[in-house]
Amino acid sequence: MIYAPHTFELSLILNTDKFEICKSQAYKNAKGKYRVYQKEDVWYDNAFKDEGVKIEYHSQKYKKIIKFIINPTKMLDGNDIKKLWKPNSDNISKMLRKLEKYIGCYFDYQYELDDFKLTRIDFTVNIDVGDRKKVSAYIKVLHNIGKVKGFKAKYDKDDSQIDQDLSFDLEGNSNGVEFTAYDKEAESGQKEAKGILRMEVRLKRQKAIHNYTNETKTSKQIKRLASKSKDIFLDIFTGIVPYGDYCKKKDAVKLVEDNISKQRHREKMIRMIELIPKKKSLYLAQKEMNDRNIEKIMKMFAEINLSPVTISKRHETKSLKNLYSYLE
């Protein structure tokens with residue numbers, strides 16, 4: 001499995017005069033070559049779009065920001081649907097050299113990479129589960145995890161712009177982290193993404209970024225974080241998604257009864273299985289149980305490769321393979 005930074009965002013904060021000078025130069029350079037266009041208070045410059053770099057000018061009331069939003073896979077001439085780039089010391093350095101070149105050329109060498117702040121980085125895996133029906137089944141069962149400690153649903157259930165059958169989205173209450181799982185074919189509209197369940201972990205604040213690197217220079221932060229892609233992804237993923245195969249509630253209960261010898265352990269595990277759909281949350285079910293050995297209970301589920309989160313009765317899928325089996 002390839003774990004890779006799919007996107008990262010760099011932000012250059014300027015005063016109004018310098019911001020306007022850069023924006024005017026962007027329009028001048030774009031004449032007859034590519035587009036610079038405005039939507040509300042953001043200007044978009046397509047100078048390096050084909051190289052995997054989006055450039056945005058954000059004019060906020062008290063802050064003027066130029067953002068470079070980078071797709072490293074595209075920058076390295078790859079295709080993030082067919083195959084993400086696999087970070088190593090050589091291609092990370094190559095990507096940083098290219099980025100330095102683009103920034104230097106764009107600003108006529110007045111600014112460089114380390115003048116920017118790293119303000120977001122997304123870590124991604126593509127899980128090929130076979131077909132869109134199975135992608136949908138996994139997304140539905142992930143919704144059954146419900147409320148997660150430290151997170152909230154990113155979108156309101158009544159938001160008509162979001163199809164919750166196509167994605168499961170969480171955002172941190174205050175930790176600057178987001179998690180999403182979505183149907184890549186539906187999102188991209190490309191048949192080559194059929195059966196791809198894409199999962200992403202996003203660090204969207206300096207606080208979140210500094211949890212994983214002590215580096216202060218942006219170039220070194222990117223290098224460090226890219227090299228730790230798997231560790232960072234799994235650190236957040238394991239705090240959200242429980243280990244084990246998914247099945248219907250009655251089948252989960254039977255597996256516990258058949259595989260757990262001690263009665264008090266069986267009773268606790270079955271109680272958790274029954275509480276999760278009632279509380280609509282694994283976390284709230286754990287709180288309701290108020291058991292000081294809750295981690296031991298979760299470990300027992302993992303030992304028999306069973307997720308306490310079950311497939312809803314109304315869903316036709318009877319069982320799903322442990323997501324962690326794809327991540328090995």
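Which residue does Glu-288 meet in a salt bridge? The partner of Glu-288 is Lys-279, at 3.4 Å, N to O. A salt bridge here is a side-chain nitrogen of Lys or Arg within 4 Å of a carboxyl oxygen of Asp or Glu.

This is a predicted model: local features need pLDDT of at least 70, side-chain atom pairs count only at pLDDT 80 or more, and totals for chains, interfaces and linings use all residues. Residues are numbered from 1 along each chain as its sequence is written, and side-chain values use heavy atoms, with hydrogens and water left out.

The structure holds 17 salt bridges.

| Pair | N to O distance |
|---|---|
| Glu-288 and Lys-279 | 3.4 Å |
| Lys-23 and Glu-20 | 3.2 Å |
| Arg-198 and Asp-80 | 4.0 Å |

Burial is set by relative accessible area: buried under 20%, exposed over 50%, partly exposed in between (1.4 Å probe, protein chains only). Glu-288 is partly exposed at 40%. Lys-279 is partly exposed at 34%. Arg-198 is buried at 0%, and Asp-80 is buried at 15%. Lys-23 is buried at 10%, while Glu-20 is partly exposed at 32%.

Lys-23 also lies over the face of Trp-43, 4.2 Å from the ring centre. For such a contact, NZ of Lys or CZ of Arg must be within 6 Å of the ring centre and within 35 degrees of the ring normal. Lys-321 sits likewise over the ring of Tyr-326, its charged end 4.5 Å from the centre.
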